[in-house]
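Subject: Structure handover

Hello,

Here is the structure I promised you. Please open it before you read my notes.

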Amino acid sequence: MAKKSLRRAQQLAGSAEQAVRAAATPLRNFGFPYRAPTVPRGVEVPAEITGLGAHYDTGWARRPVASFARGLITEGPIRLATRLLTNPEIVGHDRLADLARLDDPPALIFAPTHHSHFDTGLMIRAIPVVWRRDLVVAAAADYFFDKKWKAAISALSLNAIPIDREVTGRASSDLLAALIADGHSLVIYPEGGRSQDGWGQEFKGGAAYLSSKTGAPVVPVFIDGTGAIFGKGMKRPKPGRTKVVFGRPMLADDDESTRRFNARIERAVTTLGDEALTDYWTARQRAATGDNPPLTGPEFTGWRRDWALADRRKLGAAGKRRRQQRPWPDLG
Amino acid sequence: MPRPGFVLDVDRSTPPMLFWRGENFSLEKLPADRTRVIYPPEPLPGIDDVDGAIRNALLNPLDMDPLPALLTPGMKLTICFDDASLSLPKMRRPDTRQRIIEAVLELAAEAGVDDVHLIAALGLHRRMHDYELRHVLGDRIFDAFHPRGLLYQHDAEDYDNLSVIGETDEGEVVEISKRVAESDLVVYANINQVAMDGGWKSITTGVASYRCLSYHHNPATLQNTRSLMDRHHSALHHSLWRMGEVLREHGPKIFTVETTLNTDTFPSPFDFLAKREWEWTAKDRATFLATQKSLDRVPVKMRRKIMHSIESPYRMTGVHAGFTPTVHEKTLENVYAQHLVDVEGQTDILTMGIPYICPYNPEGIMNPILVMCMGLGYLFNMYRGKPLVREGGVIIMTHPTYRDFHSVHHPSYIDFFEEVLPDTTDPAVMSEKWEAKYAEDEWYRHLYRTGNAYHGVHPFYAWYWGAHGQQHAGRVIIVGGDAPTVRRLGFTPASTMNDALEIAADVVGRSASITHLHVPSVLVADVK
Amino acid sequence: MRALQVRRTPVKLGMARITSALSPAAAAKVGPLELRRIDDPVRPGGPDAGWQQVHTRLSGICGSDLALVDGHASTYFEDWVSFPFVPGHEVVGELDDGTTVVLEPVLGHAARGVAPPFDGAAPGDGDDYAHLATPSADGLLEPGIQTGFCCSTGGGWAPWFWAHDSQLHRVDMPDERAVLVEPFAAGIHAALLALPTIDGVDDPIIAVLGAGTMGLATVAGLARYVPHAQIVVGARYPHQQALARAFGATVVVADRELLRAVRRAAGCHVVGGQLTSGAHVTIDAVGSNASIGDALAITRPRGRVVLLGMPADVSLDLTGLWHRETELKGAYTYGTETLADGTRPTTFQLAIDTTNHVEAERLLSATYRLDDHVDALAHAATAGRRGAVKIAFDLRNATS
């Protein structure tokens, strides 16, 4: 039965192709100017300013109609997909309760770890609703804004703002600062991109810089488990469980440089990572002595690094799923 | 700016007054021209940066070194905290205790303190359920300490783990948890919802033994406690302060952190409860009617569930840390700032609505003994100076007073109601004749130590709590209660407020003055 | 003569049973019991066999009578009674010579001309009930466990009936007291069944469920013949509680409070609605599903449950009985008792003694003429609720 309908579909597709080909055949006769010109050899065409990448104007996506549409997308498909694929456990909202209770909650800069494309959807879902409404996401300009359609989707559904990760462009940081001053909260991945090998990367100064510039507190966030679900290089997602841990909002001290503040944010996220995998008191004790296992993984390279990653993942939320699915008893 | 409390004289255009009736409420028209209503002050503004304020208090304590200076590696640190009887109703997460303890733990971690125990200072209250501990302490602390057995609940019957600190001049033996006694530093995380709480009472009841508690939880002391909300005229608090002196001299070093809350008790849609009736908007009236009618129509179990699921949006109004008595004086200032209402003179008849909750039934059932305890123990004691009602006057309470008990939380209450109350309602007699039997019953002891039951002797304490009120009042009338149950409490049942006022007329005459204590929220009448 | 008689009409029994759910008075109306003119019973034995005509003075209404007339009785008795019969076995009457007698209703060996199991045996003694279910040798006495269930003798709900010498106890007491001797004998018998279990126990606890006539009689018997025991009584109605107290119970509580009262006395734990220890002996004077279940729950392991109330058809979870090795003991008849001090009086001697001691006439709440039997039965069926204990027919002024 199935084979039969498959065969039928194939036949239909075949005839459609023939019809299109037949219709297109007369157009072949129309060359330039009906088609784009070809470039002569030896001539270099200057790159035009495309309005894509870091220059994409996302203003339209913050207009009321688009915001409303985004509300529907966020609470509908994104929420559902997040639930199905990542089944998140969200902890630490109580650390934001004081700010959330204010009549006019201040804009925050959320600085999560980054292991997967799912992180953004997960963050949108996990951030308390008072900030979710006016949330913008810093997204890599070279990845999310390289095509018109990709840019439009990113801007509409995630309220993404392109950020150039190669050069710290004034344009993008000014825009973000302006948005924060305007009351928008921001999700920015301080690592600058998804993890290459499953371990974290060093924090770049973006979050700390924006915080110092705007006075908005930075909220360190640790996301556990998305790397195992849809990490870099995976062809299709493996649904699993995740955990999102929010930390206490942080502000730069009076005489603290951006670099030192950035290091402090990284330590805070590291502590949260330890808290997520062990417990609060252990993490705190180790934080006091600087012994939290670093997110960037052990110093050595090669297979031992992967080996250590497997061990670490066993502790986390994603590890639980795999243990439960193991068909044979764990013999140690 | 919140308005202070005030006393309203009821006239013919005064709307009917809100009364609690257990898990529901009613509006009662009170007689004009001889009734006054005491309204509590509106909630004071809270502190915005709570965590900052707590940290500041820990770093700048009163009459003690800053907390970091008291923390050394290798020391024994014990953190005690108030149990589920505070706050009422439970506050929205994060709970103040979680904030305090996290702040303390962070300093302890920085100082390299490894040996930390967390003890719920239950006294003879029931052990908290795990979800309650999570609510009070937050998931982080619970998950870190509970699985390792470092977070546990005080056991006043575990004599192997209790130790005697000393004896007061009046021969009261101070006996507290051994871990607390042997700690290098004890931090107490407190919530002061009413003036009765806090101070030396925290440690000397919270982590004390039954023996130690019986010195002050007895009829003689509580009849001379005038009132529970005024520690300078409370025999109970005098005894506790004597014990505190012993603790100071011979006990561990205690670093007290006390916090006060405002009275922002009921979230929407119940926020009309705290409003003055003539200020109810159309929406408030519609909400009241809808709530009252629908509560009437659902089974009492569901009603209870609905009410107990309320989480209060309290705000913290103050935090002080350091040496216990000094801290407590500051705390009392804050509490009184929120609660005090000046009242001129006493009254013949005091009316009050009894709510669905009292300190001894969080998540449980307000059984008849607790109705007595709440009315005559707590609400009656909401005074400073003189009681609101004159001696020999009448107290009218509204509550369904069903004969219903929580068999897990209150096992000994059932027996108390069935065995002791038919025999006597006199606190002195019952203490003499029955208390020991209940205190020593193996089953109650077992349920208290391993289950979630109040100690066997607790119904006696709940009853003694009302001893002063019982002695003071000429008659107590419960409106809308189950008649046989009300009679067994030694009170008079009445079906309506008018009937109750008629019955009261037999005692205090036809033109007696009436005062209504308008709860919620909490207030303390400063009677001149 | 005019008497109340029960005929075997299954339809009426069924109707009565259904109607009883609505109202006991209606059940009495449609039931198998009718006041009608009946043939005078023939002397059930030879002139020298010791049969006497007893003129009824007072005749009580017992729980088993009620079960019978409203169709609740078990079919067990189908072959142990003979229809049609005149009920009534709690009888005080008068012999032709004017002496007052109390009836011991069991139609025993002497009445049926069968050799007794031992000398001085009371009618209910012995370990073979064959004689109860077969007609006597001369065919004059039909089967029937006792007077009131036998068609040959007649019964107490009639102006007179036949009784055998062995059934009669001459008494010297008011009629109102004497009519309670029979129920007291049953209660005392049950009370004395506690003795073997508490032998050698210092401070035994005996729980009594129910304080109707039987329960109160048991309490009186316990107080008198088992004096060192703590008697804990669960009684539903206030007047029953007051009487239980007056008869010597140590602790009297409302029926639903009994479990906790026993727990307090025993100082044990409660696990899943069962006491871990409990009463040494529990005497169930109710005989319902619920009461037997409660009795099992409050009796300590290897204790004894005595069923005094007639249970009929019940459905019970007996796991607890198995696990706790509880002994379940019936208590129907009277006979010869063994007291704690070793003496062996008959139950009726003890009953007469006890009724005198407690002035049992205070249990007799109302009397009715036979003509008002519907009211009488309705009153008896709702005795507790209406503040009564024992209801009886008064035939002292009856015309036959």
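Predicted model: local features only at pLDDT ≥ 70, side-chain atom pairs only at ≥ 80, totals over all residues.

Residues are numbered from 1 along each chain as its sequence is written, chains are lettered from A and ligands numbered from 1 in the order written, and side-chain values use heavy atoms, leaving out hydrogens and water.

The interface

Chain A puts 16 residues into the contact and chain B puts in 25. Contact here means heavy atoms within 4.5 Å. About 1800 Å² is buried between chain A and chain B, 49% of it from carbon and sulfur atoms. Buried area is the accessible area (1.4 Å probe) that two parts lose on being put together, summed over both. On the chain A side, A:D94, A:Y280 and A:W281 lose the most area to chain B, together 39% of what that side buries.

Six salt bridges cross the interface. Each is a side-chain nitrogen of Lys or Arg within 4 Å of a carboxyl oxygen of Asp or Glu. A:R248 forms a salt bridge with B:D51, with the closest N and O atoms 2.8 Å apart.

The second largest pocket

A pocket is an open set of points on a 1 Å grid over the protein atoms alone, where a 1.4 Å probe fits, with protein on both sides within 12 Å along at least five of seven lines; lining residues have an atom within 4 Å of a point. The second largest pocket has 40 lining residues. A:R248, A:P249, A:M250, A:R264 and B:E106 lie nearest its centre.

Best wishes
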